[in-house]
Amino acid sequence: MTFEQRKQKIVSKVDQLASRMVDISHQIHARPEVGNEEFFASRTLTDFLEHAGFQIDFNISNYDTGFIATYDTGKEGAVIGYLAEYDALPSLGHACGHNMIGTTSCAAGIALKSVADEVGGKVKVFGTPAEEGGVNGSAKAAFVKDGHFKDVDVALMVHPGADSYDTIPTLAVDVFEVEYFGKPAHASENPHDGINALDAMLQFYNGVNAYRQQMLDTDRVHGVILDGGQAPNIIPAYTKARFFTRARSRQHLNDLTKRIKQIAEGAALQTGATMTFSFIQNGVDDFFVHDELDRVFRQHAEQLGEKFSDGDFGFGATDTGNVSQVIPTIHPHIKIGSSTLIGHTKEFCDAAASPKADAAMVLSAKALAFTGLEIMEDPNLKERIKETHQEIVQQQTFTDWSI
């Protein structure tokens, strides 16, 4: 069977799966679950994969809703990984379209399996919880640290969006909480006996604002006070805030986060409070964009009729960046609605279960499976992609990001 014949077999398989894909996507969309609570979504996707003949491993890196689904042909060959996300946003539901991402990646894996025995290798689908972050969020970072991608040649996924475009750079992100501990006292009778934790928090907040003058234009620091005290006539003995720091590279973010911590420590020193500084989730790394691997996917998507846009789409963040730093990875976007569509909105949530989104899933599953097949069939392409990735990695400078 030729490459083109195998592609046609993939097309037939995805078309056969299309109604099931739509059903799964809409079911997950109708039952949104936030990070690390995606029990229905995880079970629905693993049932889909298990029924198709994949071996499922659960509770990956201590994530109850994480999984790795594997199909091993028993022959030497490339190992193709697909990244499945399925968590929703608090209050907004699937306003980032992860109901589509998980379904598309699973369908692509199943479609590639239908021809994999003829060429050899393995197909893996990684169920990665809590991409949107939160407490113990960004599971892909933990998967990377625990070596789950060490035998994988490439990682592939597609994200829904307002336009179709190649993988773009993303920001590195740290998420942490700052707590101040003071001493309560009556705010009128004996305020001199108290230590005001709210004053410490405000000093920290203002210190961050003062530091913005020295930040790079691409740096971001933003936070909210989660607990600012209980009553005006009591000197607050406890305050808590949650902050994000973002930067164009992990190396620079390490320095930025360290500086913000120093400002927090200075506020404690000024007020006499004590403090804690704690990361609440895995650190998210910037994306190492692999242009050649993107071109392989784009060529297949364009042959299926998709039109791609070029331009400045701004900077977001994703823990897929962590994967991109260890193996060649793509994270292109596929159009599901108007070009004015904005992620993390009700309008985007509605679009993620629309007929346009359903059609985009089917096209994306085919293009993802074609991409995996081409790498499986062409060892020279696989090695070239891996060598290029090593060159990209060598161009980066890393530092110890422990604080």
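Which are the buried residues of α6? Before the answer, the ground rules. This is a predicted model, where local features need pLDDT of at least 70, side-chain atom pairs count only at pLDDT 80 or more, and totals for chains, interfaces and linings use all residues. Residues are numbered from 1 along each chain as its sequence is written, and side-chain values use heavy atoms, with hydrogens and water left out.

Buried means under 20% relative accessible area with a 1.4 Å probe, protein chains only. In α6 that gives Arg250, Leu253, Asn254, Leu256, Thr257, Ile260, Lys261, Ile263, Ala264, Ala267 and Ala268. Helices here are DSSP runs of H or I, at least four residues, and strands are runs of E, at least two, numbered from the N terminus. An α-helix has 3.6 residues a turn, so residues three or four places apart point the same way.

Now the length. Helix α6 runs over residues 250–271, and its 22 residues should span 32 Å, which agrees with end C-alpha atoms 32 Å apart; the expected span is 1.5 Å times one less than the number of residues. Just after α6, glycine 272 has a positive phi of about 85°.

Last, confidence. On pLDDT, the predictor's confidence in each residue from 0 to 100, the chain has a mean of 96, with 97% of residues at 70 or more. Residues 398–403 fall below 50, and that stretch has 15 contacts beyond near neighbours in sequence.

How values were computed
Contact = heavy atoms within 4.5 Å. Buried < 20%, exposed > 50% of the residue type's maximum accessible area, 1.4 Å probe, protein only.
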